[in-house]
Amino acid sequence: MTNRPSYNLLIYRGVPIWRNVVFIRLTMQALAAIFVLSIIWVLAVNLMNNAEQRGLNLSFRLLSTNAGFDVPYSLIPFDSSKSILYAFFAGVANTLRLVGIAMFTTTILGIVIGLARLSSNFVISGLGRVYVETLRNIPLITFTFFLVFGLLRGLPKTSEAWRITGIGVVSNRGIYLTSIDESSSLVLWLVIVVLGALLAYLLNRLVLKNRGEIKLFGIRLNRGFTPLVLLVLIAGVGWVAQPQAPFVFDQPELKGTNFVGGMKLTTEFFAILTALTMYIASYVAEIVRGSVQAVPKGQIEAARALGLSYWQVTTNVVLPQAARIAVLPMIGQYVNLTKGSALAIVVGYAEVFVVARTAIEKTGMALQIFVMLIIFYMIMGAFFSLVGNWYNRKVQFDGR
Amino acid sequence: MAVENMTEPKPMNELRPEEKLSIAGWAQKNLFSPWYNSVLTAVGVILVVMLLKEAVPFLIDAQWPAVTTNIQILLVGQYPSEELWRVGAGVLPMPFIVGLAWGVWGSMMRTFSVTLVVSAVLTAISSLFGDSMSSGLALWFTVSPFLVLLGYAVGRRDFIGPRQVLIIWFLFLLLTLFFLRGFGEDSAMPHVPTDRWGGLLVTILIAQVGIAVVLPLGIVLALARQSNLWFFKGAAIAYIEVLRATPLLALLFLMLIVSPMFLPDVTTPDRLMLAFIAIVLNNSAYMAENIRGGLQSVSRGQVEAAQALGMRGSHVTLVIVLPQAIRATIPAIVGQFIILFKDTAVIALVGLMDLLGAAYAIILGQDAWRTADPEVFLFVAAVYWIFTYGMSSVSAGVEKRMRTGAD
């Protein structure tokens with residue numbers, strides 16, 4: 001217990017009130033609060049006056065009235081008799097579809113380009129460098145304009161559609177991907193695969209327990225690899241042994257002037273997806289490169305000194321540590337992707353921002369809809385940062 | 001810093017004698033070993049050839065007149081032709097100030113300045129072939145490289161330092177804005193409303209004024225967020241978190257559509273001003289977070305030492321903590337400036353005529369160039385690229401200087 005002098009700061013003798021720290025703090029904050037509140041007050045009064053003069057209704061109840069407009073493409077069923085709020089959520093669903101798929105494609109492309117930049121091969125790393133330096137130094141929207149204009153004009157007619165065997169067709173009426181549908185034998189096959197996975201898991205346990213000393217026909221069994229071979233073998237036998245394959249491929253066919261079958265992506269969706277993927281991938285590539293290079297050299301040298309092979313060093317030493325470094329920047333890029341999806345307005349893919357724009361034009365409820373929009377984006381941002389922080393805590397080393 | 005460097009042993013790879021490779025040896029090392037690299041090289045070369053096969057015929061057959069005949073719209077928008085001299089004279093200090101900065105900061109600014117000089121020289125030379133560029137414009141591009149060099153010569157002198165350059169830049173920027181805006185109707189420089197401004201001019205002006213506003217605003221917000229006064233802290237957190245979550249595009253529409261509802265009925269706010277405010281709001285939130293990182297990196301001992309010397313609280317922050325924090329975050333600050341510059345392109349989507357907006361207007365508005373979108377957008381992208389590349393090189397230079405500890 002230290003013997004602290006106890007004094008009441010507000011009536012501390014010897015210091016005049018205007019030099020009293022507590023007093024200064026309270027007054028400064030009070031003045032700032034009054035200033036901010038009065039600005040808000042003035043703005044609110046203006047809003048009320050304007051609303052009265054122009055006959056605007058600022059109630060949020062209006063969001064449940066009939067939309068009266070259509071959403072061109074919707075993941076959830078929508079027609080113009082549904083409410084405005086429902087239209088908004090149709091937009092949200094479309095945004096989530098775009099962002100979800102773009103997260104996947106961006107990550108893949110970004111990793112490929114990032115690894116290309118890390119390559120010791122001059123041509124490959126040069127290509128990666130040109131890609132990254134070109135895209136990162138122009139605005140996303142300029143790139144989107146360039147790509148979308150060129151793409152929408154350059155896509156072929158349905159009669160001259162580009163066919164990529166096994167993957168799909170590309171035409172100006174839309175992109176049709178070969179879809180994978182389940183057949184009657186799928187359930188049985190899945191059961192076989194699950195059993196196979198169980199067996200593989202048990203085999204892995206066995207190998208681990210015996211420290212890799214199990215031999216079969218004179219070959220030493222590996223942990224990880226041998227069980228995987230077993231699983232693939234079982235799944236393959238299950239696939240071939242049944243009279244019908246578990247999946248059927250639905251190829252798009254030209255019927256009349258349009259394609260039938262397969263999974264259709266609208267050209268709008270395809271265009272904005274391509275633009276976002278190509279652009280954000282240049283940032284992801286830099287994250288991949290940066291985090292691999294950020295792994296301390298001593299780690300690699302120590303692993304080599306312990307006799308690990310190049311491949312083992314890469315998969316067991318470099319990549320896990322690089323992944324830790326990359327987590328938070330990657331989350332940042334996914335947030336950028338979410339915000340960038342608003343650029344769908346260039347092509348008119350009906351994601352939430354485009355729906356909001358239409359709704360404002362048709363109903364004039366700008367304020368309410370913008371409040372909804374900002375809440376949506378804040379929820380998305382909070383979601384990403386929660387997931388990011390959770391994952392980050394999980395993979396970081398315990399404090400030393 | 002310098003002393004520390006001297007005591008540190010040099011890394012081994014710097015002591016190793018440099019390998020001298022013949023061309024064949026270089027190719028062997030970088031292209032063909034181990035075996036799979038040969039495959040990769042082949043794939044890469046095929047890719048390059050395919051790209052060139054598409055790109056070269058396009059570049060030769062391209063309708064470049066779409067750019068050259070519209071160069072005035074792309075550079076200054078619909079600024080009245082008879083007042084164009086004001087643009088030329090108004091932005092003339094800019095190359096000089098770039099040169100000054102080059103002279104004062106040295107190698108950090110070199111690539112940026114050289115990139116701009118080379119671009120200006122190339123533009124001036126290209127005006128010799130073909131008559132689409134007005135003589136005034138050609139003259140401007142001819143003069144500006146010399147102004148950069150003049151600025152460099154002045155900047156090398158001792159009497160001018162970083163602080164002076166910043167003050168000169170800011171004063172000239174204000175002067176340029178007044179010059180472009182003009183005064184009364186009957187004066188020698190009649191008022192030109194901002195909806196006639198456009199092209200690269202608007203892009204550069206918004207970026208510069210934005211940079212001048214965003215940095216101080218970001219510092220204030222970061223300090224407020226770090227303070228232990230709950231009102232300032234709460235207000236700063238609300239500002240930063242809401243604005244960081246909202247896409248700039250949504251903020252832009254919010255400013256243009258919703259903000260007039262909050263203003264008195266008599267005022268008709270300037271659209272360019274509203275767009276500018278949206279960009280500033282968005283970027284200042286990010287800037288505040290960058291600087292907050294710097295504030296957190298200043299060690300507690302610095303504050304304690306300052307307090308022990310009897311410095312006042314505000315003094316400790318302004319003289320001890322803030323300078324160190326800003327120094328530590330210069331790369332992030334420059335990075336944010338680059339983002340701000342690229343962000344300005346978004347205003348094209350609300351019908352404003354910045355560089356991208358002008359390109360959009362040309363393609364959609366002029367029947368002759370309806371199919372010339374690749375050419376026009378390529379040109380626009382190239383212009384953005386030149387500036388952004390220059391700014392990135394500044395950022396890289398700063399980082400390099402910080403790493404080596406030279407001052």
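Reading rings and helices in a predicted model

F145(A), F149(A), Y360(B) and F377(B) form one aromatic cluster.

User: Before we go on, what kind of model is this, and how are residues and chains labelled?

Analyst: This is a predicted model, where local features need pLDDT of at least 70 and side-chain atom pairs count only at pLDDT 80 or more, while totals for chains, interfaces and linings use all residues. Residues are numbered from 1 along each chain as its sequence is written, chains are lettered from A and ligands numbered from 1 in the order in which they are written, and side-chain values use heavy atoms, with hydrogens and water left out.

User: How is a pair of aromatic rings described?

Analyst: By the distance of the centres and the angle of the planes. Rings of Phe, Tyr and Trp (its six-membered ring) pair if their centres lie within 6.5 Å; planes under 30 degrees apart are stacked, over 60 edge-to-face, and the rest tilted. Over all chains, this rule gives 22 aromatic pairs. Take Y279(A) and Y283(A): the ring centres are 5.7 Å apart and the planes stand at 45°, so the pair is tilted.

User: Where do Y279(A) and Y283(A) lie?

Analyst: Both are in helix α7 (residues 267-294) of chain A, four residues apart, about one turn of the helix. Helices are DSSP runs (H or I, at least four residues), numbered from the N terminus. Y279(A) and Y283(A) are both buried, meaning under 20% relative accessible area with a 1.4 Å probe, protein chains only.

User: Which parts does the pair of Y334(A) and F384(A) tie together?

Analyst: First the geometry: their centres are 6.3 Å apart and their planes at 35°, so this pair is tilted. Y334(A) sits in helix α9 (residues 310-340) of chain A and F384(A) in helix α11 (residues 366-395) of chain A, so the pair ties together parts 50 residues apart in sequence. Y334(A) is buried, and so is F384(A).

User: Which ring has the charged end of R97(A) over it?

Analyst: A charge sits over a ring if NZ of Lys or CZ of Arg is within 6 Å of the ring centre and within 35 degrees of the ring normal. The charged end of R97(A) sits over the ring of F269(A), 4.1 Å from its centre. R136(A) has its charged end over the ring of Y283(A), 5.2 Å from the centre.

User: Is T329(B) buried or exposed?

Analyst: Buried, because its relative accessibility is 8%. T329(B) is found in helix α17 of chain B. Contact means heavy atoms within 4.5 Å. Leaving out residues up to four places away in sequence, T329(B) touches N290(B), I291(B) and G294(B).

Technical notes: Helices (H or I, at least four residues) and strands (E, at least two) are DSSP runs, numbered from the N terminus. Buried means under 20% relative accessible area, exposed over 50%, partly exposed in between (1.4 Å probe, protein chains only).
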